Amino acid sequence: MGTMALDMMTERVRQIGERVLTGGAITFEEAVELFERSDYDVHELFHVANRLRLNQFGNRIHLCSIVNAKSGNCPEDCGFCSQSARHATEIQKYGLMSTEEMVKAARKAGEQGAFALGVVTAVRGYSASSKDFQKLVEGIRAIVQDGRVEGHASLGIMGHEEFRQLKAAGLTEFNHNLETGRSFFPKICTTHTYDERVNTIKAAKAIGIRVCSGGIIGMGEEPAHRAELAFALKELDVDEVPLNFLVSVDGTRQENVSPLPPLEMLKAIALFRWILPTKNIFICAGRQHLGELQSMIFFAGASGAMVGDFLTTKNRSVSDDLKMFRDLGLDFDGPLSAPPPVSSPSVGERGGPGSSATYPSTSAVRHGSKSGAAIFSASLRTAMYSRMRSFTLCRP
Ligand code: SF4
């Protein structure tokens, strides 16, 4: 590639970036072009993405962790998922936790400095009449009434009545990932449709529940599919965006998919930031594929990260992560001079196995919403603000 061609394309990237930085938007066509082309200086993307992150979040990053509430035996066929009953994976499988176990997990999460516990189950979804769903509603209600942490959940495909009951029980945030771009989704899953996922998100939003939704990069999709995903999330105006990179698990349909090169991963993060400049973008599963470049995620525009092990795959140690955040001068969930003690990523007695994807959570409390804050006492709020580390039980 000639220097002049590289300079011209880099200048074009710079111009689009200037527009985004001054409150304009990148178009879908431009995003596809930037995802697809490599004949420009990719650092130009990072420079703008980092400025966008700082404009929106300052130097603060948000951290979260996950654990699973019902593992394995999912009837769906998501190609990446170790919890699909159609995949011969070596994971621990177990049924739904009892209400007592959920409350116990919530208390432990609270003790560890978390402000939220997301109850996560490996299922297609629920109807309000099902026994397990009613158990989950009870579990959320018990967590909320216990008052230690917020009640969040990730329970698959649902509709208005299910969300109505969960909201009445005190649920404030729901995770439901779109996973990938619409046109690639049928290659990933054939047992439910993209629209079922979209409709679930719409139903949660319509009833006033915050939505956390993102996807997995590097499942064999084309770069343009990543733009599709980012623009779908933009159109749905989700509240949080968890970004995962495929961790191929033995026994799944995607066991042989190789990780993306680190710069390609960072480029994806940066372009998601360009497209979703105000959203909380968390980097979750697959961060380890960045190797020596892990610390670059924030300069590429990420505003948070998942710490601790994922549901079926390992993350690096929490202490290494916290050291990295401090070395970067980032403010995470509390003053740097007194970081919250993080002893373990898991709170549930039964936690551990599950899908490789994530559910990073940011609560209404963290965002200062009255409805979220109302469920907490003043003293608890003070404690949470001083140690704001989110904690979720999570599914993909
Ligand atoms: S991603 Fe969710 S719906 Fe798909 S197989 Fe895994 S647990 Fe089931």
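Helix axes are lines fitted to C-alpha atoms over the stretch in contact, and angles run from 0 to 180 degrees between N-to-C directions. Helices (H or I, at least four residues) and strands (E, at least two) are DSSP runs, numbered from the N terminus. The model is predicted, and local features need pLDDT of at least 70, side-chain atom pairs count only at pLDDT 80 or more, and totals for chains, interfaces and linings use all residues. Residues are numbered from 1 along each chain as its sequence is written, and side-chain values use heavy atoms, with hydrogens and water left out.

**Figure 1. Packing of helices α2 and α9.** Helix α2 (residues 28-36) and α9 pack at an angle of about 140°, their axes lying 8 Å apart. The two helices, α2 and α9, are therefore oblique to each other (angles under 35 degrees count as roughly parallel, over 145 as roughly antiparallel, 65 to 115 as roughly perpendicular and the rest as oblique). On the α2 side, the contact (heavy atoms within 4.5 Å) is made by Phe28, Ala31, Val32, Phe35 and Glu36. On the α9 side, Pro223, Ala224, Arg226, Ala227, Glu228 and Phe231 take part. The residues of this contact of α2 with α9 divide into eight nonpolar, no polar and three charged; Ala, Val, Leu, Ile, Met, Phe, Trp, Tyr, Cys and Pro count as nonpolar, Asp, Glu, Lys and Arg as charged, and the others, Gly among them, as polar.

**Figure 2. Packing of helices α8 and α9.** Helix α8 (residues 194-206) packs with helix α9 (residues 223-236) at an angle of about 30°, with 11 Å between their axes. That angle makes α8 roughly parallel to α9. Tyr194, Val198, Ile201, Lys202 and Lys205 of α8 meet Leu229, Ala232 and Leu236 of α9. The contact of α8 with α9 comprises six nonpolar, no polar and two charged residues.

Figure 3. Five of the five residues of β3 (residues 150-154) are buried, where buried means under 20% relative accessible area, exposed over 50% and partly exposed in between (1.4 Å probe, protein chains only). Glu150, His152 and Ser154 lie on one side of β3, Gly151 and Ala153 on the other, and both faces are covered. Strand β2 (residues 116-120) pairs with β3 in the parallel sense over five bridges; two strands pair if DSSP finds at least two bridges between them. Glycine 118 stands opposite histidine 152 of β3.

**Figure 4. Strand β7 and its pairing with β6.** Six of the six residues of β7 (residues 240-245) are buried, so this strand is largely enclosed by the rest of the structure. Glu240, Pro242 and Asn244 point one way from β7, while Val241, Leu243 and Phe245 point the other way. Strand β6 (residues 215-217) and β7 pair in the parallel sense over three bridges, and isoleucine 217 stands opposite phenylalanine 245 of β7.

**Figure 5. Loop residues with positive phi.** Asparagine 73, in the loop between β1 (60-64) and α4 (99-111), has a phi near 60°, a positive value in a residue other than glycine. Glutamate 179, in the loop between β4 (173-175) and α7 (185-188), has a phi near 75°, again positive in a residue other than glycine. At 1% relative accessibility, glutamate 179 counts as buried.
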